[in-house]
Amino acid sequence: MPRFRWDRLPRDIQLIILDLLVAERWLVFRKSPSDQPPRQHLSTYAAVCREWQAFFEKPNFRRLTLHQSDLPELERSVQGHRQQHVRWVWLRFQIPPYSCVDCRKRETQTQDRNHDLEFTRAIWALFRILRSWKQDATAPKNMFILELSAHSPGDGAHYFKELSDRADDAAHLNMRGRVKHPNDRRHHWRRHRWNRQPEMAARHRVFGSKLGLRFDMRAACVKKGTDLAKVPFVSHLIIRRQFHRAFSAKALLVIADHLPRLELFQYEPWRGLDDGEHQQMRDRDHGMLLSRAAKHSSSLAALSIFEDFTSHMHSGGMRFGHPVLAQLALRASYGLQRMCLSFLVDAKDFFRDSWPGNEDLQEANQPEWTNLEYLALTSHALNPLEIDNLAVAAAKAARRMPKLSVMEIWTCGPGYACIFRYSFQKDDRPDLRLSSTWGCSLQKATAVAWQHVAQDRGWNESRTKEVLLDHRYTSHGQIIHLLDLQSTIIDNISWRQLGRESRWYP
Ligand SMILES: [Zn+2]
């Protein structure tokens, strides 16, 4: 039997085989989420020969998931041309595990301070390493994503077992595992589901400090007078709903200030706990972020904030948005191309100045949204009594959004769901669609208000459709895949997590 010679294969066939090997790692990973991570498969292939090493290094280094203890290795092994391969760095900041002695206790001030010190060291080290990387920051569409998260391995080991599934759930992996958690009466898991809410102290443990992770200026790296390095090529900053621990707004603003090319901030914080003070602190932080975005002094073009919540962690379902945050969001939106805010503010407050009857609030020269193309908001006003007022207010605002391509306002809760959508593509009539579980239809005055928007775009009227939604769409995890702007509102892996987890809650 003749020996197989790789080098005698035509180049086209060689490339097909190599591509198949890259694709095969996803199949292996999907078949068994507990299998060894895919990077190890590629590392094995890269060891075959120099030619294979050159080929597999690119997918191997494209996305890096790092613990803070991996940073020295990052500095050592990602050198030269390997730096050009990296497009995504996920710093998965990890704090020490804890036992059942502590799972129902809040973190102490000493623990909190130690986390801040370690977090400060990690960010200072990461930015110092990235600063020296050779990347072409000016190349169009040269996207570089920096992702941050913070957790303890203990967070998923006690009451919040869903966190153990999320720990390795990366946006660039296609995990579809259907994990069955064991019964654990001590932590309220029966029949693979929650059977009651964990105590407030247990919730505080996985949320960490109400202030969020902060920079501690007493850290040695800061004391030495070393400023945080600027990283000129990061275009996206992503913080997914992966874990409950928050980052303080002050820390996030310092990070953003050191990413001069930042174009997109996708932020999926958890709603503060229902003990009053915790939620106030989170809202104060969100206000700081929106205030900075409203100054329009950065390169930021897209802002998405998805404030998640669950029935076992929070009471009251979808909360009423904060009116002050809505006005800060409004000011921020004037400079953006894309804005998606879920649950944090209510569209009724966002469109307050255009609300029928509020004409006295309307200034003669209201600003235009000169860049805004995509807008998504949530609202309690999507109910049979207020929906027309909301749609009229949105139409009045849309007349000052000359580039608007899609606007979506949505809501959901026990027994109801509603989506109001306007979309406009060049060379096609504007499309107006109202989907609701109660079979809602718009009044004539509302249709006239949107006819004015269509006329501004050179059409006589919009194409209007009313859709009856199934009553099973009652949670944000279920309804979100019906939204046109789904991938802008929330990260793809996050909405898959939402769907997967909804069956664990009572
Ligand atoms: Zn425990």
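**Helix packing and the nonpolar core**

In this predicted model, the residue A391 lies in helix 14. A391 counts as buried because 25 C-beta neighbours are found inside 10 Å, where a count of 20 or more is required. Leaving aside residues up to four places away in sequence, A391 touches F420, L442 and T446. The C-alpha atom of A391 is also separated by 9.7 Å from that of K348, although these two residues stand 43 residues apart along the chain.

The helix that carries A391 also contributes to the largest nonpolar core, which comprises 111 residues and in which A329, L390, A394, A398 and I409 touch the most other members. Helix 14, spanning residues 387-398, supplies the largest share of this core, namely 9 residues. For A394, the contacts beyond four places in sequence are with F351, M407 and I409, and I409 is itself listed among the core residues that touch the most other members.

Considered as a whole, the chain has 18 helices and 14 strands, and 37% of its 506 residues count as buried. Among contacts between residues at least 6 apart in sequence, 77% join residues that are at least 24 apart.

Helix 6, formed by residues 109-131, has 23 residues and reaches 33 Å from its first C-alpha to its last, a span close to the 33 Å expected at 1.5 Å a residue. The buried residues of helix 6 are H115, D116, F119, T120, A122, I123, W124, L126 and L130. In an α-helix there are 3.6 residues a turn, so residues three or four places apart point the same way. The buried residues of helix 6 pack against several other elements, and these are helix 4 (71-77), strand 2 (88-94), helix 9 (220-223) and helix 10 (249-257).

Helix 10, one of the elements against which helix 6 packs, also packs with helix 11 (residues 277-294), at an angle of about 25 degrees and with the two axes 9 Å apart. Because angles under 35 degrees count as roughly parallel, helix 10 is described as roughly parallel to helix 11. At this contact, A249, L252 and L253 in helix 10 meet D285, M288, L289 and R292 in helix 11. When the residues of the contact are sorted by class, 5 are nonpolar, 2 are charged and none is polar.

Notes: Residues are numbered from 1 along each chain as its sequence is written. This is a predicted model: local features need pLDDT of at least 70, side-chain atom pairs count only at pLDDT 80 or more; totals for chains, interfaces and linings use all residues. A nonpolar core is a set of buried Ala, Val, Leu, Ile, Met, Phe, Trp, Tyr and Cys residues joined through C-beta atoms within 7 Å. A residue is buried if 20 or more other C-beta atoms lie within 10 Å of its own, exposed if 12 or fewer, and partly exposed in between; C-beta atoms are placed from the backbone. Helices (H or I, at least four residues) and strands (E, at least two) are DSSP runs, numbered from the N terminus. Two residues are in contact if their C-beta atoms, placed from the backbone, lie within 7 Å. The expected span of a helix is 1.5 Å times one less than its number of residues. Axes are lines fitted to C-alpha atoms, for helices over the stretch in contact, and angles run from 0 to 180 degrees between N-to-C directions. Angles under 35 degrees count as roughly parallel, over 145 as roughly antiparallel, 65 to 115 as roughly perpendicular and the rest as oblique. Ala, Val, Leu, Ile, Met, Phe, Trp, Tyr, Cys and Pro count as nonpolar, Asp, Glu, Lys and Arg as charged, and the others, Gly among them, as polar.
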